[in-house]
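Here are my notes on the model, point by point. Please read them with the structure open.

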2 protein chains.
Amino acid sequence: LIQIDEEKIHSTINEKKPRSVALDGPDGILKKIQSCAHRLSEKYQIPVYVIGDTSWGSCDLNIHAAETLGVDILFNIGHTIAMEKFGDKVVMIDAFDDVDFGKIAKICAIKLKKKNFSKISLVTNSQYLQSLQKVKEIFEYHGYEVVIGRGKGHLNDAQVFGCEFYPAYDSKDKVDAYVFLGQSIFHSTSIAIVTQKPTFMLDPYFNEFSEINDIAQKLEKKAILSVFKAQDAQTIGIIIGLKEGQFAKIKALELKRLLEEEGKKILLIAMTEITDERLLSFQDIDAFVQVACPRIGTDNHFHKPVLSVPQAISLIKLLKGESTEGFLQIKHWL
Amino acid sequence: LIQIDEEKIHSTINEKKPRSVALDGPDGILKKIQSCAHRLSEKYQIPVYVIGDTSWGSCDLNIHAAETLGVDILFNIGHTIAMEKFGDKVVMIDAFDDVDFGKIAKICAIKLKKKNFSKISLVTNSQYLQSLQKVKEIFEYHGYEVVIGRGKGHLNDAQVFGCEFYPAYDSKDKVDAYVFLGQSIFHSTSIAIVTQKPTFMLDPYFNEFSEINDIAQKLEKKAILSVFKAQDAQTIGIIIGLKEGQFAKIKALELKRLLEEEGKKILLIAMTEITDERLLSFQDIDAFVQVACPRIGTDNHFHKPVLSVPQAISLIKLLKGESTEGFLQIKHWL
């Protein structure tokens with residue numbers, strides 16, 4: 001079960017004595033955030049607002065919502081990163097899943113032996129960070145050398161985002177395989193794509209582990225195909241995401257110049273949530289480049305190609321007749 | 001065809017010499033806004049951003065998007081109101097439809113005679129404001145007394161929003177019927193509900209006119225039913241809309257107090273686009289009150305009751321055992 005670090009919320013409120021606060025987090029834990037809001041509201045008798053907009057990650061904190069509401073503190077719950085605060089309003093609150101990885105880690109450790117893997121790296125996303133040590137010990141007990149990749153920027157050691165992979169990337173030439181803690185195909189497929197190594201996902205709920213390289217390969221092929229499709233576009237819409245941590249206007253203007261040099265007509269678009277439904281209103285655009293989040297186009301269905309920054313750079317190389325091989329095997333997709 | 005007042009955009013750019021601009025407007029004219037963006041970008045060689053977020057009205061100008069982008073001017077196209085500017089960034093640009101109402105106005109004038117209507121009021125939404133005078137003359141030629149209701153606040157004479165109806169409301173005891181110029185069931189039904197008078201919609205594209213009171217009655221019944229359904233709610237989510245012209249925190253806190261006095265448990269929620277999909281994440285809420293836009297709950301499908309401010313006030317009266325009759329027959333639904 002997901003456990004929100006409510007203690008930290010209480011101690012922060014007791015210390016700062018805010019007149020009102022807001023709570024924000026990913027949709028998956030909104031139910032728990034609601035209960036938390038009721039408890040805080042009752043205990044402190046101050047307005048407690050739950051932000052109902054999406055919060056996809058630490059790139060998407062809804063600080064503007066907090067400013068509009070005029071709250072003194074915005075608690076962002078469930079996006080544990082290497083920083084505890086953002087500016088003077090945002091306090092990051094952990095939400096860890098206390099599910100036990102012991103059983104599936106043991107099964108996995110025994111089975112991977114048969115594949116002659118002796119050196120593995122453990123990676124995970126925020127909610128299982130505290131399970132790392134135990135899983136590491138299990139694999140070590142079974143004779144593996146276990147690498148915990150170094151964090152960087154917002155990332156803790158062994159942590160990956162959907163867009164940044166330093167702890168995985170930096171060890172890719174030193175290990176035989178990656179073992180991802182958790183049920184996230186979203187996170188584990190990108191590790192497989194970036195490292196091109198066997199990557200296994202440990203699912204502690206069903207006590208299963210699975211190699212996700214086939215799924216990853218399909219995702220990668222889809223991403224490459226989008227780039228090829230976009231080659232023929234006459235008009236390309238370059239979308240600037242308006243979420244605070246996804247805003248990349250300079251990058252958008254740079255890609256505009258490069259694509260115009262290759263004969264493309266460009267429309268600059270600014271948007272908060274980039275969805276197929278919203279893009280259908282842009283009928284005269286043949287393909288899109290979005291500089292907001294690299295996973296939007298690859299992990300959702302769109303009627304037209306929607307390229308991320310690495311895909312757009314690959315497109316420009318293609319148009320120049322240059323090789324684009326390995327354009328997704330990089331440390332981050334931003 | 002919709003004609004954007006591009007002349008005003010050019011003269012504003014020539015006068016203010018902005019380093020970059022943004023264009024924004026309702027989805028229906030986004031195609032024309034795109035062409036306009038290409039022309040401006042080519043002529044002035046400055047970045048021209050099209051805002052891809054929704055812009056439902058003059059309450060929804062996306063000023064935050066303009067500020068994030070750092071543009072000098074935000075042209076809001078197609079939401080003609082009584083003001084030409086908002087703050088120092090937003091310039092309102094007309095987009096009028098030049099479709100000819102002559103034929104259908106004449107047919108309507110002749111047919112309504114048979115119903116013994118002699119005094120009518122003309123109303124419309126922004127895009128047909130310039131057709132008013134001609135239609136007025138046609139009805140007058142056929143012997144009607146024609147009332148053009150006075151504008152107020154953001155509203156021009158004879159203009160209605162989906163939420164504000166002064167020009168219609170103020171004349172309701174003086175006229176036999178309302179004639180709405182345009183194809184908008186959204187606007188014309190609210191006139192029928194508010195005034196409780198026969199209301200006719202002139203459709204200049206199909207050259208048809210139709211009485212919309214039956215549709216309006218269904219909408220009103222649906223709105224009343226939602227209030228009755230919300231009576232049994234244990235927990236009510238009060239949603240504060242984050243769009244600049246829809247932000248009503250004080251109203252939300254007031255409704256919270258009043259509903260708590262009636263024994264309801266309240267969760268405060270803040271949200272930009274209030275959709276059924278977003279609300280489905282709030283599983284433990286039995287009904288919602290939203291203080292953003294009164295048409296959200298009545299004109300869209302939601303799995304749970306979503307009440308506007310007048311509906312919420314009606315709910316509070318119901319809970320107190322007071323009469324709520326005629327709660328939608330008011331000047332505005334805010």
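1. Start with helix 9 (residues 249-261) of chain A and helix 12 (residues 309-319) of chain A. In this predicted model, their axes come within 11 Å and cross at roughly 15 degrees. That makes helix 9 of chain A roughly parallel to helix 12 of chain A, because angles under 35 degrees count as roughly parallel. The crossing of helix 9 of chain A and helix 12 of chain A is left-handed.

2. Which residues of helix 9 of chain A meet helix 12 of chain A? They are Lys251(A), Leu255(A), Leu258(A) and Leu259(A). Their partners in helix 12 of chain A are Val309(A), Ala312(A), Ile313(A), Leu315(A), Ile316(A) and Leu319(A). By class, this contact of helix 9 with helix 12 of chain A has 9 nonpolar residues, no polar ones and 1 charged one.

3. Next, helix 1 (residues 6-16) of chain A and helix 2 (residues 30-44) of chain A. Their axes come within 12 Å and cross at roughly 30 degrees. Helix 1 of chain A and helix 2 of chain A are therefore roughly parallel to each other. The crossing of helix 1 and helix 2 of chain A is right-handed.

4. Helix 1 of chain A brings Glu6(A), Ile9(A), His10(A), Ile13(A) and Asn14(A) to its contact with helix 2 of chain A. Helix 2 of chain A brings Cys36(A), Arg39(A), Leu40(A), Lys43(A) and Tyr44(A). The residues of the contact of helix 1 with helix 2 of chain A divide into 5 nonpolar, 2 polar and 3 charged.

5. Look also at Ser226(A). Ser226(A) sits in helix 8 (residues 213-230) of chain A. Is Ser226(A) buried or exposed? Ser226(A) has a relative accessible area of 15%, and buried means under 20%, so Ser226(A) is buried. Leaving aside its neighbours within four places in sequence, Ser226(A) is in contact with Pro305(A), Leu307(A) and Gln311(A).

6. Now the whole chain. Chain A holds 12 helices and 16 strands. Along the principal axes, the C-alpha atoms of chain A fill a box of roughly 60 × 55 × 30 Å. The radius of gyration of chain A is 21 Å. A compact globule with 334 residues would have a value near 20 Å, so the two agree.

7. Last, burial and contact range. Of the 334 residues in chain A, 58% are buried. Take contacts in chain A between residues at least 6 apart in sequence: 66% of these join residues at least 24 apart.

Notes. Residues numbered from 1 in each chain as written. Chains lettered and ligands numbered in written order. Predicted model: local features only at pLDDT ≥ 70, side-chain atom pairs only at ≥ 80, totals over all residues. Heavy atoms only, no water. Axes fitted to C-alpha atoms, helices over the stretch in contact; angles between N-to-C directions. Helix = DSSP H or I, 4+ residues; strand = E, 2+ residues; numbered from the N terminus. Parallel < 35°, antiparallel > 145°, perpendicular 65-115°, else oblique. Left-handed = near helix turned anticlockwise from the far one by under 90°. Contact = heavy atoms within 4.5 Å. Nonpolar A, V, L, I, M, F, W, Y, C, P; charged D, E, K, R; others polar. Rg over C-alpha atoms; globule rule 2.2 N^0.38 Å. Buried < 20%, exposed > 50% of the residue type's maximum accessible area, 1.4 Å probe, protein only.
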